[in-house]
Amino acid sequence: MSDPSDPQTALDVLLAGGRPAAQALATIGYRFVGRDAATGEVEVSFVATDAFTNLAGNVQGGFLAAMLDAAVSTALMATMEPGQLAPTLELNVSYLRPARVGPLLGRGRVVHRGGSVGFLAGELHDPDGACVATASATVKIVRAPRP
Amino acid sequence: VSKPERLSPARRVLGYEQVSLDPEAGTAETSYDAVEDFTNSAGIIQGGFLAAMLDSVMGTALMAALEPGTFTPTLDLHVSYLRPARVGRIRAQGRVRHRGGSIGFVEGELRDEAGELLATGSATMKIRRPRTRTRPEPPLP
């Protein structure tokens, strides 16, 4: 990442805490792990808590959707200017296996980016490396209203 | 008449309340609390938490006519985000489109308190029945 005092991308702003903190990210235990400069793929980590479980004791699918949304958005934010936002239009999640309480690793990448629309994809893995869910998302790229 | 049920931790976090249930029609109405903890940096509810609400209401609709002890793990979830959702009460409706022996297809929608449509969803869920079946369920459309 670049100098946090001179943010080049929307991701720099997020990681520097320059905008009001996204409470949703704190709720799902979001942490930025790294970005592959060559491929643009990002790694982020999450913590699934007992509060996210269903009666079977597995993590409810919507909370995994929240993590996947955050993972794929992170990949896009590295390509966006500070001050741009990317609200999600569509999110599709496939649940491959049950996810348990504990840490989860997310991967996100930009499949295609036009001027105002982005197509994103990502996966969530458990600590054993098994893929628990995959996602694709379509987002709109807009300029944030001035504070 | 709503049957008493144990609330999962996920539903407690979402502020789940059952409003109505129609097992014959395969429909459910529930409501949720979109709180500050679910907001992104623009102050809008992050889409995943709306997905969680849709997953919940669609699961309620599918389980309405299934015997107690049946679980309906989600296989696939698709959400369209129509309008930004703000902090406040969210009203949800779920409807079973088709229920086979081991798979259910469900739809759902979320509205704000003014009745504006915020998001729509569809899901494919597996029907995992308890080991001993006590009674067959009535057919659904």
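The model is predicted, so local features need pLDDT of at least 70 and side-chain atom pairs count only at pLDDT 80 or more, while totals for chains, interfaces and linings use all residues. Residues are numbered from 1 along each chain as its sequence is written, chains are lettered from A in the order in which they are written, and side-chain values use heavy atoms, with hydrogens and water left out.

**Interface of chain B and chain A**
- The contact (heavy atoms within 4.5 Å) takes 31 residues from chain B and 32 residues from chain A.
- About 2,600 Å² is buried between chain B and chain A, with 55% given by carbon and sulfur atoms; buried area is the accessible area (1.4 Å probe) that two parts lose on being put together, summed over both.
- Across this interface the rule finds 15 residue pairs in polar contact, both at pLDDT 80 or more; such a contact is a pair of N or O atoms within 3.5 Å, where within protein one must be able to donate a hydrogen and the other to accept it, and residues adjacent in sequence count only if both atoms are side-chain atoms.
- On the side of chain B that touches chain A, α1 (9-13), α2 and β3 of chain B each give two or more residues, and the largest share, 8 residues, comes from β3(B).

**Second largest pocket**
- The second largest pocket is lined by 41 residues, and those nearest its centre are N54(A), M63(B), F71(B), T72(B) and P73(B).
- Of the elements that supply its lining, α2(B) gives the largest share, 5 residues.

**Salt bridges**
- Over all chains, a search of the whole structure finds 11 salt bridges (a side-chain nitrogen of Lys or Arg within 4 Å of a carboxyl oxygen of Asp or Glu), whereas the rule finds 0 across the interface of chain B and chain A.
- E43(A) forms a salt bridge with R107(A), with the closest N and O atoms 3.4 Å apart.
- Because E43(A) lies in strand β2 (residues 42-48) and R107(A) in strand β5 (residues 102-113) of chain A, the pair ties together parts that are 64 residues apart in sequence.

Definitions and conventions: On a 1 Å grid over the protein atoms alone, a cavity is a set of points where a 1.4 Å probe fits but cannot get out, and a pocket is an open set with protein on both sides within 12 Å along at least five of seven lines; lining residues have an atom within 4 Å of a point. Helices (H or I, at least four residues) and strands (E, at least two) are DSSP runs, numbered from the N terminus.
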